[in-house]
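Please look over the model before reading the points below.

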Amino acid sequence: MKSFQQLTDELNSLKTGLFGRDFLLTWDKTEDDLRQTLLVADELKYLRDRNISTRCFDSGLAVSNFRDNSTRTRFSFASACNLLGLEVQDLDEAKSQIAHGETVRETANMISFLTDIIGIRDDMFLGEGHRYMLEMGAALDDGFSNGVLPQRPGIINLQCDIDHPTQSMADLLHLVNFYGGLDKLKGKKIAMTWAYSPSYGKPLSVPQGIIGLMTRFGMEVDLAFPEGYNLIPEVVDRAGRQAKASGGSFRVVNTMEEAFRDADIVYPKSWAPYAVMEQRTGLLKTGDKEGLKALEQECLANNARFINWECNEAMMKLTRDGNALYMHCLPADISGVSCARGEVSAGVFERYRIQTYKEAGFKPYIIAAMILNNRFEFASGILEVLYREGRSRVKRI
Amino acid sequence: MKSFQQLTDELNSLKTGLFGRDFLLTWDKTEDDLRQTLLVADELKYLRDRNISTRCFDSGLAVSNFRDNSTRTRFSFASACNLLGLEVQDLDEAKSQIAHGETVRETANMISFLTDIIGIRDDMFLGEGHRYMLEMGAALDDGFSNGVLPQRPGIINLQCDIDHPTQSMADLLHLVNFYGGLDKLKGKKIAMTWAYSPSYGKPLSVPQGIIGLMTRFGMEVDLAFPEGYNLIPEVVDRAGRQAKASGGSFRVVNTMEEAFRDADIVYPKSWAPYAVMEQRTGLLKTGDKEGLKALEQECLANNARFINWECNEAMMKLTRDGNALYMHCLPADISGVSCARGEVSAGVFERYRIQTYKEAGFKPYIIAAMILNNRFEFASGILEVLYREGRSRVKRI
Amino acid sequence: MKSFQQLTDELNSLKTGLFGRDFLLTWDKTEDDLRQTLLVADELKYLRDRNISTRCFDSGLAVSNFRDNSTRTRFSFASACNLLGLEVQDLDEAKSQIAHGETVRETANMISFLTDIIGIRDDMFLGEGHRYMLEMGAALDDGFSNGVLPQRPGIINLQCDIDHPTQSMADLLHLVNFYGGLDKLKGKKIAMTWAYSPSYGKPLSVPQGIIGLMTRFGMEVDLAFPEGYNLIPEVVDRAGRQAKASGGSFRVVNTMEEAFRDADIVYPKSWAPYAVMEQRTGLLKTGDKEGLKALEQECLANNARFINWECNEAMMKLTRDGNALYMHCLPADISGVSCARGEVSAGVFERYRIQTYKEAGFKPYIIAAMILNNRFEFASGILEVLYREGRSRVKRI
């Protein structure tokens, strides 16, 4: 465990451009940006674990805009905001309406007069979520530069169609803690593989987020999926380039077995094929219920051909010393528990259950770090002030 | 821009009765009451713009009770409460039930044990919204005087069937800022006119709020609407009397053109005819869906006769120097953008878009001022304390 | 009215085990535990009434999990959390999913990373609510002991199938205030009786909570209900044993008249028969709508046989000096007001209306006391610190 001073020194050695910039895609950020995000998360956790308040807003709003259901991320965002002193106000579109471009521009301003941060989840439609966030950002720029907004609220991507940076960064922080340092990840093999699930339409953002992030730190990244379950090509290409640049590797393979072989880390997780997500987006937009039903049947039937893509004891035996670290963004489809056959056998999941919970536990800190870096030019300075003040989070006698 | 001391001196020169009184209708308030509301809003903005915390509650609840959909006002109320340190708890009647008089009396008390302020929107039914707020207020008086409540929470009207004081006061503050003072409004001509919209059932509270407020400051107020689109007669009568008393004028005219001629300010906005709102109230109460559908058809057909009531370049040319200030409570129905033909042409709206956003941006401060004046006998004293303490809203190194 | 010092001295004389323990059933708590809960509630009220802030959390989340509708308890919980400085985040299961045991275990952890307290209402199904809370608690223990959670959040039962401790404890505090001390309740007769209502399926937790709590303080407790309207047998047995141990009495009688005779306090309230609730639970689980409709008809018909179980003037005449204190958890079914015939006549209710509101007003303080006792080992010490600091809740000039 590093001391607060060590974390601060590390922070001070970085040159970052996080201040005032939205956090939408990890690959838009420099390595120093990502390091700072991890370090600030560590410092926030360090302080809270010692009952030191990390409140740096006396008042201020954080807007959450969930365009898809969420429990984990909703609570993580609420926790992160509360940790810093921001109050969450949910933009419930059922109780208002955001329709076309015009109104996004207007709504962005109307919710932002006294707002410091906006967290958005929009992962249902390929080609939409990221675009929506960019549009929201442009509207905020417009409002700020025209004197409508006294501050330009930052945007945090809480999952879009392309990336899921709060998840992948929490996963990365879990690995950093598990192995004892970011530099320890160099050369470690991670298998990001498709896995069978009796459901359909799961977003691509988690596997894309993982290959888009883990290839930046010299890891050996294997992506495995059955024929047809491709990800967005640009993201896959980027992963390859990044692996080369960071001194690691990136391969696409066709079986779970090949990806698992000698892996240090495995991340088996279901997703829908890119082409299906595109079709689905079209059907959802036209409200074609018959078409959606037919597509679902087709997909489930197709999924069923790959029921053996299950992370079980036999699969785990293939990994380094039969002892790879199992990861999942949760909830996992667990065979015999949440479904007859799923992504992972009950035994394997149970062995790593606590680890997956710890993995999830980094998310509130990662989100809080993203917020803090967005709002404060000198994050390490603010954290030092909090440390020195040493105000109790929970009152003491 | 006035200094804080100037604002304080102005405040101290007023004799007001805002403390402990609900803010339901602007015309129940004295001119000094309204001036104080504007000044306190200015001071709150002054402080926040300088990163000085305006938190004057260490804890405390604010209840919001939206009986109709809302985005702008919901966020404005949440922002205002957060600015002062109150936490919003929404009374979602779908998850409870407020039925007849008896239960309003009870619910009013049940939600108020530790509550400082209650914001209510109830604008659907003519003859209901304002009455509901009075009933709620009487129930709170009863609870307070009987020792049930340790404080008598204040009520803020967030839009009723008669008035929309947070909107009209924000509009007024916009004008005060635009022209450089409340006294500068004397003699300015404002055209509050009906405008075409392909929708139906829009409340009357905005135009009523505007003519009920702007006639108090010596403005030349023209109200224009097509035959049949009358407002509540009592409000129109009051506007006339007020205009006379304040040294301004008030006219009802029959064309947009006449109202726009030489206007300094135009406020073109659709609303439903008073008689239709009355019919609709009856049909809604009896749940007569067929009747509602028929009424809607009839109304839209009637609206269509006035499709030329559009605020466009030709109309704007009629105004003073062709350069009147365009106002709207938003969202506007914009021709070619949010509908084929609407209240305003795309070009006119775009030219004034930023101004309408700024107009909306005063609402959180107006609401916060209403709350502060309701809770603190010496508002200027509290604001001075906040100013002198100078606590940072966002932490500084 | 006791002084703060007196309350503190009383508190310091107790030996309690509330710290770190969930508050699920009053009968799992010692008499000292219950006394401390009452005293802490009194101290919190003492401080707030004098505008002294009772904020003891600088940040922190409280999760509310309402599996059934609620207004009173929702606002009481929100008020209590706000009073202490915790922010409520609602776990809305419609926007997530908690299905079987596995997921409760996972969700419990996912919502708790930065959470201090969890309030749960789950009163729909016999045999389920209490079990759900135990399961949630075990999951939190597991997460905390495995290092997933940095703290073990406490659980407050906001009503289950067995007990409703925040209600019964607020009722008790009302009696303590009404009679001037807990010792004054010794020998007082309380009639907890069934009453007619034209509704069906009301939970058993209020009458069970009342007989399970009031029998601990030497009161004479009469439970009355028509044939077939039994409560859970274990709770009734326990009430008998407790009455004996505390030097009071406990009787089950068959008429409202018998229970009311010479009663100091009456608590007439409708509930569904235990056997019906069991049948209903089965039908709800299998989604048998026809069966539910038939059961409802049968029940309402059965209820109607006991329409004379109404608390009216004639009934009240039977009580001690015709002047018993009427209690109700609200909302009551009032004859001629909320229904044609109900639990209580309009006249009787109106005479005691303010008393029932005051009764309800203790709930926020009782919940806050439960939270404070759960989180702080030395509650009286924390309260003394707050008292000495004397920070204003509402700013003063």
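Domain bounds here come from an automatic or database domain assignment. On that basis chain A has domain 1 (4–163 + 363–389) and domain 2 (165–360). The model is predicted.

**Domains of chain A**

- The C-alpha centres of domain 1 of chain A and domain 2 of chain A are 26 Å apart.
- Contact between them involves 32 residues of domain 1 of chain A and 36 residues of domain 2 of chain A.
- Together the two domains of chain A bury about 2,700 Å², with 66% of it on carbon and sulfur atoms.
- On the domain 1 side of chain A, the most area is lost to domain 2 by A:Trp27, A:Leu126 and A:Lys363, which together make up 27% of what that side buries.
- One salt bridge is counted between domain 1 of chain A and domain 2 of chain A.
- A:Glu128 and A:Lys285 form a salt bridge, with their closest N and O atoms 2.8 Å apart.
- Ten residue pairs are in polar contact across this domain interface of chain A, both residues at pLDDT 80 or more.
- Helix H2 (31–49), strand S4 (154–160) and helix H14 (363–375) of chain A each supply at least two residues of the domain 1 side that touches domain 2 of chain A.
- H2(A) gives the most to that side of domain 1 of chain A, with seven residues.
- By class, the side of domain 1 of chain A that touches domain 2 of chain A holds 17 nonpolar, five polar and ten charged residues.

**Chain B against chain A**

- The size of an interface is often given as the accessible area lost when the parts come together.
- For chain B and chain A, the buried area is about 3,500 Å², and carbon and sulfur atoms give 55% of it.
- B:Phe75, B:Tyr357 and B:Lys395 supply 22% of the area that chain B buries against chain A, more than any other three residues.
- In contact terms, 40 residues of chain B meet 38 residues of chain A.
- Six salt bridges are found across the interface of chain B and chain A.
- A:Asp116 and B:Arg393 meet in a salt bridge through their side chains, at 2.9 Å from N to O.
- The interface of chain B and chain A also has 15 residue pairs in polar contact, both residues at pLDDT 80 or more.
- Helix H2 (31–49), helix H3 (72–84), strand S2 (87–90), helix H13 (346–361) and helix H14 (363–375) of chain B each give two or more residues to the side that touches chain A.
- H13(B) provides the largest share of that side of chain B, eight residues.
- The side of chain B that touches chain A divides into 17 nonpolar, nine polar and 14 charged residues.

**Helix H7 of chain B**

- Helix H7 (residues 205–214) of chain B is mostly covered, with ten of its ten residues buried.
- The buried residues of H7(B) include B:Pro207, B:Gly209, B:Ile211 and B:Met214.

**C:Asn109**

- C:Asn109 sits in helix H4 (residues 101–110) of chain C.
- C:Asn109 counts as buried because its relative accessibility is 0%, and buried means under 20%.
- A polar atom of the C:Asn109 side chain lies 3.4 Å from the backbone oxygen of C:Ala139.
- Leaving out residues up to four places away in sequence, C:Asn109 touches A:Tyr357, C:Ala139, C:Gly143, C:Val148 and C:Leu149.

Technical notes
Residues numbered from 1 in each chain as written. Chains lettered and ligands numbered in written order. Predicted model: local features only at pLDDT ≥ 70, side-chain atom pairs only at ≥ 80, totals over all residues. Heavy atoms only, no water. Buried < 20%, exposed > 50% of the residue type's maximum accessible area, 1.4 Å probe, protein only. Helix = DSSP H or I, 4+ residues; strand = E, 2+ residues; numbered from the N terminus. Contact = heavy atoms within 4.5 Å. Buried area = accessible area lost by both parts, 1.4 Å probe. Salt bridge = Lys/Arg side-chain N within 4 Å of Asp/Glu carboxyl O. Polar contact = N/O pair within 3.5 Å; in protein donor to acceptor, adjacent residues only side chain to side chain. Nonpolar A, V, L, I, M, F, W, Y, C, P; charged D, E, K, R; others polar.
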